[in-house]
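Let's take a walk through this one together. Have the viewer open and follow along.

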Amino acid sequence: QLRPVESGGGLVQSGGSLRLSCAASKFAFHWMIVAWYRQTPGNEERELVAEITLGSKNSIYSDFVKGRFTITRDDDARTSSLQMNNLTPDDTAVYYCYLRTDAGHHYWGQGTQVTVSS
């Protein structure tokens with residue numbers, strides 16, 4: 001099954017930083033909107049963390065990460081990154097890379113675990 005591949009998760013102390021990466025070498029990446037979602041413990045739903053549009057023209061962030069997280073994309077390398085700073089235990093979650101096209105095709109990665117200790 002075709003999926004983007006996340007990496008960079010792990011255990012970090014509160015106030016620390018992590019950088020997540022999403023590799024999408026088999027995709028027509030430059031035509032795809034890229035987003036990061038997360039699923040926190042006990043929640044069945046995934047929530048949007050950040051999204052970046054084609055050519056990095058626009059990016060949006062959920063209120064709970066504004067000013068702390070930064071989403072980027074590198075169309076030549078077909079990768080996206082999520083820089084996460086000033087992490088708190090509330091950021092503990094499985095983080096997913098999500099790709100979608102205007103035609104409605106969408107792809108989820110398998111996720112990477114981020115755990116923030118207090």
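Below we go from the core to a hairpin and then to a loop.

A quick heads-up: this is a predicted model, where local features need pLDDT of at least 70, side-chain atom pairs count only at pLDDT 80 or more, and totals for chains, interfaces and linings use all residues. Residues are numbered from 1 along each chain as its sequence is written, and side-chain values use heavy atoms, with hydrogens and water left out.

Start with the largest nonpolar core, which has 25 residues. Such a core is a set of buried Ala, Val, Leu, Ile, Met, Phe, Trp, Tyr and Cys residues joined through side-chain atoms within 4.5 Å, and buried means under 20% relative accessible area with a 1.4 Å probe, protein chains only. Among the residues with the most contacts inside this core are Trp36, Val49 and Phe69. Its largest share, 4 residues, comes from strand 9 (93–100); strands are DSSP E runs of at least two residues, numbered from the N terminus. Val49 touches Trp36, Phe69, Leu82 and Tyr95, among others (heavy atoms within 4.5 Å).

Now look along strand 7 (69–74). Strand 7 runs antiparallel to strand 8, with 6 bridges joining them (pairing takes at least two DSSP bridges). Arg73 has Ser80 as its bridge partner, and in the hairpin Arg78 takes a positive phi near 60°.

Finally, find Thr40 in the loop between strand 4 and strand 5. Thr40 counts as buried because its relative accessibility is 13%.

Key
Buried means under 20% relative accessible area, exposed over 50%, partly exposed in between (1.4 Å probe, protein chains only). Lists of a residue's contacts leave out its neighbours within four places in sequence.
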